Amino acid sequence: MKLRSRLLYLLAGWGSVGLVYFSSDLLQGQGVLLPETALDRVIPYNDAAIWLYLSFFILIPYAYLAADAVRVRWLARAMMISALICGLVFLLYPTTLAYPPVGNGGGWSTQVLRWLQAMDSTQNCLPSLHGALTLLCVWALYDRRRPVRSLLASLLGVAICYAIIALRRHLGIDLAAGLAVGLAGGMLAKLQLSLSDRRALSMKAAS
């Protein structure tokens with residue numbers, strides 16, 4: 001697959017996520033405050049987790065550039081479906097959480113976290129799109145023929161999920177829901193593309 005095609009799929013898949021995320025933030029009502037779970041209490045808040053959290057923004061373009069061509073098409077479709085599912089929940093059941101105060105220190109981690117908070121929504125917590133997209137990217141990159149890449153992608157995915165909670169951008173229930181959405185979006189995308197390919201083959205055979 002040519003680089004241009006991969007970039008177009010990236011724009012379609014990730015762009016649809018951004019459109020849904022920010023438009024739902026403008027249209028939704030007041031968010032319901034989510035309570036912490038036992039998992040959240042086990043993982044202490046740590047603003048240094050911002051760097052693992054932001055590695056997500058490297059994982060996504062890497063997945064589109066490095067995954068097999070057939071998976072790139074699937075990844076874009078899966079992201080679109082996941083975004084639609086999350087967007088519907090964001091509008092019908094907006095949620096927020098008690099964000100811990102950012103320290104007054106001047107370290108890089110604190111400064112970047114302040115920037116993130118200024119840019120990000122204080123709602124759209126459940127389901128975690130961050131978790132859903134992380135799962136989809138690791139799924140796209142996983143390949144038994146490339147064990148090292150598969151292992152590294154999986155470890156990074158776990159690290160990002162840890163950072164999501166450690167940074168308190170989401171709670172455990174948000175992350176679990178996001179992973180479920182990613183799994184559902186990936187499976188629905190596979191089914192949709194399979195049906196589309198079968199229909200195309202049938203039409204080609206008939207002609």
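**Close-up 1. Arg-73 pairs with Asp-197 in a salt bridge.** In this predicted model, the closest N and O atoms of the two side chains sit 3.2 Å apart. (A salt bridge here is a side-chain nitrogen of Lys or Arg within 4 Å of a carboxyl oxygen of Asp or Glu.) Arg-73 belongs to helix H5 and Asp-197 to helix H9, so to speak two distant parts of the chain, 124 residues apart. Helices (H or I, at least four residues) and strands (E, at least two) are DSSP runs, numbered from the N terminus. Arg-73 counts as partly exposed because its relative accessible area is 25%, and Asp-197 is partly exposed too, at 34%. (Buried is under 20% relative accessible area, exposed is over 50%, and partly exposed lies in between, with a 1.4 Å probe and protein chains only.)

**Close-up 2. The second largest pocket takes in both Arg-73 and Asp-197.** Among the other lining residues are Trp-74, Trp-139, Tyr-142 and Lys-190. The pocket holds about 240 Å³ of space, and H9 gives the most to its lining, with five residues. By class, the lining splits into six nonpolar, one polar and four charged residues. (Ala, Val, Leu, Ile, Met, Phe, Trp, Tyr, Cys and Pro count as nonpolar, Asp, Glu, Lys and Arg as charged, and the others, Gly among them, as polar.) A pocket is an open set of points on a 1 Å grid over the protein atoms alone, where a 1.4 Å probe fits, with protein on both sides within 12 Å along at least five of seven lines; lining residues have an atom within 4 Å of a point. Points are joined across faces, edges and corners, and the volume is the space filled by probe spheres set on them.

**Close-up 3. Glu-36 meets Arg-168 in a salt bridge at 3.6 Å, closest N to O.** The two are 132 residues apart, with Glu-36 in the loop between strand S1 and helix H2 and Arg-168 in the loop between helix H8 and helix H9. Arg-168 is buried because its relative accessibility is 7%, while Glu-36, at 41%, is partly exposed.

**Close-up 4. The largest pocket has about 500 Å³ of space.** Closest to its centre are Tyr-21, Phe-22, Phe-57, Asp-120 and His-130, out of 23 lining residues. H1 brings the largest share, five residues.

**Notes.** Residues are numbered from 1 along each chain as its sequence is written. Local features need pLDDT of at least 70, side-chain atom pairs count only at pLDDT 80 or more, totals for chains, interfaces and linings use all residues, and side-chain values use heavy atoms, with hydrogens and water left out.
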